[in-house]
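Student: Can you walk me through this model? I want contacts, charges and surface patches.

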Amino acid sequence: MLLGESVASAGSVEELIILSFGLSALMGITFLWLSLKDEKTSNTLRVGLMQMGLLFMVNSLIFVIYYLRTSPELFGFSDKVQIYLLAISSMLNLFTMIQIGILFTIFPLPILAKRKNTIRLGAALILLMSVSALLANMRFGGATGIYLAYNIGAVAGIGISAFVTARWYLLYRSNKDPKYRNVAIASAFLLFAFNGSSIMLWPYTIFFDQRDLFAGSFLEGGALAQEVVHMMLAFNGPLVAIILFAIIFKEGTVEREKRDYTILGLSVAFLIFGLANYLVQILVPSDGNFADLWNYFVVTGTFGLIRPLILIIVALRFNIFDLTNEKIRNRTRVIALLIITVWAAAFFEIIQAFIPMPQLLSAALIGAFLAFAIGWEDKIFENLADRADEKVLPVDDQYFEDDDPYRLMMLTIAVTVLAIGLGILSGGSI
Amino acid sequence: MLSDDFKMKTRTEEKEFVIFVVLSVILITMHVFFVIFGPAYEELNDSKSEPTDFVVENVTITDNQNIVLQNGGSDTVVTELTSNWTDEGWYLTSLVVTVSYSETATGDADCDTVSADLEIEGDSGDEPVSSTTTGSVTDCTNIVLEMIWQDLESDSDVDYLQTPFDIETDISLTVDSTVPLNDNDEQINVSVEVIMSRVQ
């Protein structure tokens with residue numbers, strides 16, 4: 001069941017989708033613009049930034065489809081159109097899984113020695129997506145085929161990201177070279193950003209529990225979510241759960257001068273929130289409104305709010321765009337303010353769903369939050385400008401070519417069209 | 001093929017990653033055996049395949065009738081259930097008949113003997129799981145007759161009785177009296193409670 005349908009009292013669902021779309025689109029456009037405009041930064045970092053931006057753009061497209069699906073009566077969509085939209089959004093979700101897998105092969109460092117091999121690996125993952133979608137559709141058809149294809153994409157995408165992160169983190173977290181330590185920290189940030197919802201499932205993995213956590217997800221529908229949870233729990237769940245504990249252990253025992261409190265805090269927060277989420281799932285009746293609401297915001301919160309926040313930290317902290325350029329810095333500050341505003345609105349939308357409060361109070365709280373956030377943004381950007389020309393990751397500037405960010409963007413547009421086509425094909429058999 | 005940074009390093013450098021791989025393999029294997037293909041998964045599938053999201057709605061119908069009998073007399077109390085009950089999805093799941101009376105003759109120290117016999121006319125289905133269809137008392141206590149069927153479930157294969165049918169309670173009276181010529185027109189109350197159920 002779609003949560004948006006069941007929690008009628010939480011009218012904020014549609015608003016949160018719109019805000020999440022706005023946040024994704026803003027992040028995507030910003031990263032794309034920075035990647036294309038900023039020629040001073042290493043091409044390797046630009047390609048990584050471009051891939052993150054493209055992920056946000058595909059996500060924003062998915063949010064548009066979610067919005068269309070949650071308000072069919074507004075647009076006069078028939079049931080058949082709804083089914084097609086579900087199939088298309090599922091295929092786009094599958095594509096984002098593949099995108100995540102590709103991202104981890106190029107950022108914070110490329111895992112393959114040559115650019116040509118990285119391109120081949122990316123092509124192989126896209127091929128895996130297309131073939132699994134086609135074969136699953138031919139063999140099973142309809143929703144089952146889509147579910148199976150999505151599972152394969154989820155296992156591949158999350159599996160690659162978890163494995164690569166584990167390797168970077170455990171290999172270089174205690175390294176003498178701070179640039180390599182940054183590789184370890186950046187990969188851990190990235191894992192929390194893109195696999196946050198999987199990491200939060202750690203109690204299910206450790207306790208061998210198969211409860212249907214994504215029951216409230218409006219992302220793919222209950223049946224798909226159940227299959228995804230089973231697969232992820234069996235294959236990716238152990239990987240990300242062990243990484244979470246490894247990060248906590250490592251950050252807790254590493255020498256003081258090497259310690260990173262941000263990643264330590266983030267990992268502890270995921271540990272506690274994962275446990276809290278598990279307790280809610282086992283203690284709160286699953287058919288109640290609170291459980292529905294909680295499930296929905298757990299998924300949307302990690303997907304729509306935590307991910308952008310972590311990636312902003314990654315982008316600023318690891319200098320993946322040129323903040324020495326005043327033009328770029330000024331525009332980035334304006335965009336940062338926009339992102340902070342949308343993020344604050346989305347955050348308070350979630351708070352309001354749990355604790356209803358008058359609009360005036362909510363507006364006042366957002367205002368107070370923004371006042372602090374703007375002060376914080378000013379300070380952060382001043383600090384960043386001071387060390388903007390510092391190279392913090394040991395990247396090979398010549399790994400990618402100058403035109404590769406543009407090529408990646410064009411290829412992604414083409415594959416997005418392909419994913420939509422696969423969605424239409426799959427939707428026809430439901 | 002792998003970059004120099006990603007390639008295998010010395011044993012000391014690889015120690016933590018090797019521990020990670022070993023732990024992951026163990027945990028994945030345990031999940032595959034115990035969760036995906038193990039009994040836990042089958043139980044989960046079984047429980048998921050069982051429709052549990054149904055609600056059983058019950059309605060109670062009561063019928064009270066008084067009859068007057070003479071010594072050696074008998075009568076039948078009939079409660080009719082019309083056909084539209086089953087048309088709307090209702091099935092008979094419980095029937096309780098309570099027969100009550102008291103000694104009406106002044107100064108009579110001996111209660112009469114009342115006998116009751118319960119039967120349903122009109123439709124036949126599966127036998128009830130609990131049934132008491134005859135009863136007789138001589139001490140002015142109540143006679144409780146009942147027919148209880150298995151609880152209704154969404155996928156129940158019980159052949160419940162379908163309307164229309166009549167619930168017939170035969171009552172007979174034998175006067176036992178310590179007061180000669182003073183024990184006629186005995187009043188007996190028959191209370192019928194029917195529970196009809198349906199799945200929503």
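Predicted model: local features only at pLDDT ≥ 70, side-chain atom pairs only at ≥ 80, totals over all residues.

Student: How many helices and strands does chain B have?

Tutor: Chain B has three helices and nine strands. Helices are DSSP runs of H or I with at least four residues, strands are E runs of at least two, and both are numbered from the N terminus. Along the sequence the pattern is α-α-β-β-α-β-β-β-β-β-β-β.

Student: What share of chain B is buried?

Tutor: Of its 200 residues, 35% are buried. Buried means under 20% relative accessible area, exposed over 50%, and partly exposed in between (1.4 Å probe, protein chains only).

Student: On to charges. How many salt bridges are there over all chains?

Tutor: The structure holds 11. The cut-off is a side-chain nitrogen of Lys or Arg within 4 Å of a carboxyl oxygen of Asp or Glu.

Student: Which residue does D4(B) pair with?

Tutor: D4(B) bridges to K7(B), with the closest N and O atoms 3.5 Å apart. D4(B) is exposed at 57% relative accessibility, while K7(B) is partly exposed at 36%.

Student: Which residues form a network?

Tutor: R115(A), E401(A), D404(A) and R407(A) are joined into one network by salt bridges that share partners. Within this group, E401(A) and R407(A) meet at 2.9 Å, N to O. E401(A) is partly exposed at 37%, and so is R407(A) at 36%.

Student: And K258(A), buried or exposed?

Tutor: K258(A) is buried, at 13% relative accessible area. K258(A) forms a salt bridge with E255(A), closest N and O atoms 3.5 Å apart. E255(A) is partly exposed at 38%.

Student: What about D5(B), where is it?

Tutor: D5(B) sits in the segment before α1 (11–36) of chain B. D5(B) is buried yet has no salt bridge, and the nearest side chain of opposite charge, K9(B), is 5.0 Å away. Lys and Arg count as positive, Asp and Glu as negative; His and the chain ends are not counted.

Student: Which side chain does D5(B) touch in a polar contact?

Tutor: That of Y180(A), at 2.8 Å. A polar contact is a pair of N or O atoms within 3.5 Å; within protein, one must be able to donate a hydrogen and the other to accept it, and residues adjacent in sequence count only if both atoms are side-chain atoms.

Student: Now patches. Which residues make the nonpolar one?

Tutor: I206(A), F207(A), F245(A), L275(A), L279(A), I282(A) and L283(A) make a patch of about 600 Å². Patch residues have over 30% relative accessible area and no salt bridge; like charges are joined within 9 Å, nonpolar side chains (Val, Leu, Ile, Met, Phe, Trp, Tyr) within 5 Å. Areas come from the Shrake-Rupley method with a 1.4 Å probe; for residues, only the protein chains shown count as cover.

Student: Which helix gives the most to the patch?

Tutor: Helix α11 (residues 261–283) of chain A, with four residues. I282(A) lies in α11 and is partly exposed at 35%.

Student: Last one: where is S90(A)?

Tutor: S90(A) is in helix α5 (residues 79–106) of chain A, and is buried at 2%. A polar atom of the S90(A) side chain lies 2.9 Å from the backbone oxygen of L86(A).

How values were computed:
Residues numbered from 1 in each chain as written. Chains lettered and ligands numbered in written order. Heavy atoms only, no water.
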